[in-house]
Amino acid sequence: MADTQIAPEPGTRAGAGPGGPRAARRKGLSERALARVFVAPSVLLMALVALFPVIWAIVISLFLYTRRQQTGFGGLENYTDALTSGRFWDSVWFTFVFTVSSVTFEFLIGLGFALLMNQAFRGRGITRAAILVPWVIPTVIAAQMWFFMFNVTPGFINNLLGLGNFNWLGQPGWPIFAVVFADVWKTAPFVALLLLAGLQTIPGDVYESARVDNAGMFQRFWFITMPLLKPAILVALLFRTVDALRVYDLPAVMTQGAFGTESLAILVREFVVRTPNPGFGAALSTLTFILVLGIGMIFVTLLGRDLVIGTEGEE
Amino acid sequence: MVWAIGGSEAQVGGVHQTVAEMWSEANPDNPIRIEILPEAADEQREQQALDLQAEAGGFDVLGVDVIWTGEYSENEWLESLEDIRGDIEAVTLPGPFETGIWGGELWAAPYNSNAGFLYYRTDLIDTPPTTWEELCQMAEEAGGAEGIAGFVGQGAQYEGFVVNWLEYYWGLGGELYNEDQSEVLFDVDLATQATEFMADAVNGCYAPGFNTAMEEEARNEFQGGNAVFMRNWPYAYSLIQEDTGSPANESFDIAPLPTFTGQGTISALGGFNNAVSAFSNNTEAAKEFVLWAATDPEVQSTLATEASLPPTMASVYDDLADDPVMSLLGEVLSEAKPRPPAPQWNEISVTMQRALYPAYNGEGDPRSAAEEVLAFLEGTVGN
Amino acid sequence: MSDTAPAPVEEVTRRGQARKNRRQGGVVEQRSTLQVWGKSALLGVILLWCLFPFFWLIMTSLKMGDRALNSPNLFQGPFGLQNYEAVFGQNFHLNLRNSFVIAGATTIICIVVGSLTAYAIARLPLKRKILLLSGVLAVSLFPPVALVPPLYELWRNLGLLNTWEGLYIPYTAFTLPLTIFILMTFYASIPKDLEEAARVDGATPFQAFLRVILPLAAPGVFAAAIIIFVLSWNEFLLANTFAPRNAEIAQTVPVAIAAFTGAVPFQRPIGTITAACVIVTIPMIIIALIFQKRIVAGLTAGSVKG
């Protein structure tokens with residue numbers, strides 16, 4: 001259809017839809033312009049606040065420092081130091097193990113919670129609120145609370161389960177379990193909330209027709225719920241993964257990073273705050289960033305195909 | 001003027017506030033107020049560092065931990081206090097005075113001190129031990145008979161662990177550096193011995209939670225009647241004394257920490273000094289304040305009487321000889337050893353933690369851990 | 001269709017047992033006696049799992065004195081409200097005010113700005129969306145601890161330290177990515193012909209968004225709102241750096257709690273910490289209770305098709 005409209009605003013064009021004679025009366029921005037207007041504020045805000053420090057950190061990482069004094073340009077020396085350091089790889093390993101275990105359990109438990117929260121039963125409001133309680137407690141307090149519970153003295157969990165003097169936080173292997181446990185307890189509700197919201201997008205009549213076809217509960221779950229929930233699942237997994245890769249409070253408070261529980265974030269903080277070496281700390285941060293971004297990108301491309309492919313053709 | 005100091009005594013009603021008020025009354029044209037920093041020393045340092053690094057001048061007087069002197073001075077964050085050095089040196093105990101010196105200059109004026117005590121149960125132990133081996137033996141015997149653990153200290157992977165380990169190492173006669181930190185005197189054999197002692201004790205006289213305990217965990221164990229001996233700072237004394245529900249309440253006492261040689265006593269020196277920010281707009285008044293806080297007898301005895309904070313002024317100990325904590329402190333402080341106030345202390349401490357902690361917990365070899373520490377220390381002398 | 005009251009429907013199954021089916025908001029539920037008992041047991045376990053530590057928090061906050069606070073026995077007294085008095089004596093209500101304003105501002109700005117962006121990426125023509133999405137994601141990924149030194153400098157020069165704006169502006173920036181992603185999944189699930197239909201009726205693209213699409217994304221908006229609010233409320237690092245002290249200005253709740261001290265040095269004030277935690281959790285639960293109804297409001301696309 002030809003563009004017959006004399007628009008009051010110069011930037012306006014008629015959209016690519018079946019406008020017809022009504023195009024003459026249409027005011028306002030086209031879809032394309034609207035898109036730009038909608039996106040601009042976010043991009044601006046994020047760029048202003050986040051871009052500058054990131055660039056600063058990357059630049060700093062190219063310089064060498066002795067404690068806080070700059071001693072010269074190092075190029076990639078900080079990076080090679082980091083990548084050849086056993087401590088760095090130990091912390092990568094722990095961070096990976098932590099992430100995979102906690103995200104897996106948080107997903108499974110969160111999914112269960114979401115399905116439950118979606119049901120109609122007496123007391124569902126209270127249940128939903130109760131499920132959110134662990135997540136709502138500030139992390140600094142939760143970390144201290146779980147330290148208190150797991151520690152041999154006063155031995156709260158040991159007392160409860162009759163385990164005597166089992167040293168959860170002070171012997172190899174078990175601190176990782178304690179930290180993962182605390183994180184799963186705290187964050188499964190977050191996953192549940194995301195998945196619950198996702199469940200709302202599944203229309204009820206889809207289940208109806210499945211039921212008419214005599215599909216059992218499990219089949220309905222597997223063939224209807226899960227595929228339609230896929231975008232929400234991917235968002236939940238994405239954000240939980242990138243957050244788990246940057247875990248700090250729980251291991252720092254519960255074990256001070258001992259027995260192989262020094263996460264990447266603890267390591268970064270060590271060199272930015274505790275034994276400051278700004279260049280090295282910035283290099284560690286950048287390495288962490290690259291790692292986390294890389295993993296995040298995998299999720300984004302998976303998500304992107306799902307969510308965005310439909311409108312790609314309209315460009 | 002602004003005084004950046006933290007912890008419980010900096011809160012309203014605490015002794016630091018009292019001191020600030022004392023100054024402000026006597027100097028109404030130059031009053032001082034406290035910016036309350038958090039309790040944990042690390043966080044205090046973080047917040048001070050933010051202001052100092054930005055050269056903001058928001059703080060005039062800084063409450064600095066004894067181990068930060070070198071670091072702060074190296075970063076050019078402090079005003080030199082050489083011109084008031086003489087007055088301070090004359091009245092202060094030598095150990096605490098040393099903690100304010102770096103590179104031969106005085107950078108921080110003493111304020112309060114701290115030293116480790118041995119707490120023990122008088123109903124289970126007649127005379128306190130003079131060697132660590134003796135302590136371990138008594139602990140196991142008495143503890144076994146009573147059904148409680150032997151000894152609690154600070155064994156988690158943090159600065160407090162380094163303090164405890166140093167007390168063993170120094171008790172063997174070991175040293176870290178020479179007088180001016182130009183030479184490394186670290187002895188690998190003695191270090192190995194200290195670590196091996198701890199590794200054995202983990203399966204022997206140490207209480208079960210030893211390797212995850214900080215000050216509070218140790219105090220709770222002892223106060224709850226679950227340990228025969230405890231190594232802790234003086235702060236625990238009044239808490240145990242006031243806790244009538246505690247099995248240790250009527251039957252505990254304090255003694256100097258043992259050594260391995262049986263001679264004398266060694267404890268690590270803690271405490272806080274007052275320094276003047278290099279970016280302050282009120283340098284003269286700030287210097288007056290830190291001088292006054294270090295040398296005024298009234299201030300120093302108020303620290304002791306109101307808050308049980310060990311003063312740094314020698315004469316106060318004579319005045320307060322009746323108080324058990326103060327009299328023991330007077331005895332112990334003269335032989336307390338400071339950790340080197342070198343700028344690299346943080347790095348050194350972290351290296352020691354990462355090497356020695358796994359070693360005493362059976363995850364590493366004590367000798368190679370000691371060698372690792374030696375190698376690091378030698379690397380620092382070049383700087 | 002979903003607005004009508006749920007009507008019980010009898011159905012005879014293959015096993016010959018009558019089961020009641022109820023429809024509630026698009027989710028069909030079946031019950032048999034065994035299932036009801038099983039569900040109750042499961043519910044009990046879940047509630048225990050979630051609430052037991054919170055119960056510990058409450059009990060500990062009511063304890064007084066060293067002995068009780070450090071005992072593994074939950075029920076060892078004496079009990080009292082001393083800890084709560086102490087907490088409010090430290091101007092905690094000002095911290096609550098600060099956190100509420102900051103988290104509230106973050107939530108509102110994030111939802112408004114984020115909804116627009118999410119809609120644009122999900123439904124409007126834009127070039128290189130995947131690149132944009134990656135950029136959006138990248139913003140929230142850099143370790144915050146390393147961003148603090150340069151941001152502190154910048155904030156100090158702009159006079160934004162110890163202010164509310166100094167906190168809710170970066171919070172918004174760092175929470176936008178999550179908001180955008182959540183809302184995107186919602187917009188994507190809405191049938192595409194709706195905008196066409198609106199356009200046929202003469203609406204501009206903006207009007208189509210505002211009047212037709214946005215209301216349908218309400219569950220997502222409320223879910224995102226809770227998440228943003230709680231995340232901003234619990235944020236510690238930036239708050240501790242930009243407004244570490246001074247409750248009367250901008251110190252937030254987590255920072256205040258972390259700065260609690262005991263009566264003597266080294267003492268960990270577990271009594272006041274747990275009391276503050278309880279004080280903080282209760283309004284959050286109330287907010288969550290209010291919002292959760294809106295998330296599971298159950299309108300959804302089912303009614304739109306009709």
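**Domain and chain interfaces in a predicted model**

Between domain 1 of chain A and domain 2 of chain A there are 0 salt bridges, a salt bridge being a side-chain nitrogen of Lys or Arg within 4 Å of a carboxyl oxygen of Asp or Glu. The model is predicted, so local features need pLDDT of at least 70 and side-chain atom pairs count only at pLDDT 80 or more, while totals for chains, interfaces and linings use all residues. Residues are numbered from 1 along each chain as its sequence is written, chains are lettered from A in the order in which they are written, and side-chain values use heavy atoms, with hydrogens and water left out.

Let me stay with chain A. Its domain 1 covers 2-60 and its domain 2 covers 80-314; these bounds come from an automatic or database domain assignment. Contact, meaning heavy atoms within 4.5 Å, involves 5 residues of domain 1 and 5 residues of domain 2. The two domains bury about 370 Å² between them, 63% of it on carbon and sulfur atoms. Buried area is the accessible area (1.4 Å probe) that two parts lose on being put together, summed over both. On the domain 1 side, A:Ala57, A:Ile58 and A:Ile60 supply 66% of the area buried against domain 2, more than any other three residues. By class, that side has 3 nonpolar, no polar and 2 charged residues; here Ala, Val, Leu, Ile, Met, Phe, Trp, Tyr, Cys and Pro count as nonpolar, Asp, Glu, Lys and Arg as charged, and the others, Gly among them, as polar.

I turn now to chain B and chain A. How many residues does each chain bring to the contact? Chain B gives 29 residues and chain A gives 24 residues. Together they bury about 2300 Å², 46% of it on carbon and sulfur atoms. B:Gln157, B:Thr212 and B:Arg354 supply 20% of the area that chain B buries against chain A, more than any other three residues.

The count between these chains is 4 salt bridges. A:Arg68 forms a salt bridge with B:Glu71, with the closest N and O atoms 3.1 Å apart.
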